[in-house]
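Please open the structure in your viewer and keep a selection tool at hand.

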Amino acid sequence: MENKKIQVAGCAIVDDGKVLLRFKKSKQNYEFPGGKLEPGESLEQAAQREAKEEVGVAVEIISYASRDRWEIFGRAFEGHVFLARLLPGQIPREQEPQNFGELLWMPIMEYLNYPISSNVAKFCREYLTKSLA
């Protein structure tokens, strides 16, 4: 029996050369807002919903940025990251302070100076070399 991949989607919200990240307390690193798809949702819809639920903002998806695969305790995941920008008037605020610390507008060019998840590092490398913007 094939183990079905759990689909997750998130947003790399970029503004003025910086990307918005959340500090995950349990992992002691920064990551994108994102999470699992709900039934009937597209990847883009999930990424937009997660941005609203996790950092309280509405975003516009600009493009598909990257895909990663990993396993946790025998469960297969496939993660999708979308390049996005804030809609006018949106101010990010952490919505899950029990699990996450500060929000950070990290300068993308300085990504090596921060404790970040592997998919954030991958996004930053690709953003800088391929100019995803």
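Where is serine 117 found? Select serine 117: it lies in the loop between strand E7 (100-107) and helix H2 (118-130), where helices (H or I, at least four residues) and strands (E, at least two) are DSSP runs numbered from the N terminus. This is a predicted model, in which local features need pLDDT of at least 70 and side-chain atom pairs count only at pLDDT 80 or more, while totals for chains, interfaces and linings use all residues. Residues are numbered from 1 along each chain as its sequence is written, and side-chain values use heavy atoms, leaving out hydrogens and water.

Serine 117 counts as buried, at 12% relative accessibility (buried means under 20% relative accessible area, exposed over 50%, partly exposed in between, with a 1.4 Å probe and protein chains only).

Next, select tyrosine 64 and phenylalanine 82. The two form an edge-to-face aromatic pair, 5.2 Å centre to centre with 85° between the planes (rings of Phe, Tyr and Trp, its six-membered ring, pair if their centres lie within 6.5 Å; planes under 30 degrees apart count as stacked, over 60 as edge-to-face and the rest as tilted). Because tyrosine 64 lies in strand E5 and phenylalanine 82 in strand E6, the pair ties together parts that are 18 residues apart in sequence. Tyrosine 64 is partly exposed, at 41%, whereas phenylalanine 82 is buried, at 2%.

Then select tryptophan 70 and phenylalanine 77, whose ring centres are 5.6 Å apart with planes at 0°, so the pair is stacked.

Finally, select Phe32, Phe123 and Tyr127, which form one aromatic cluster.
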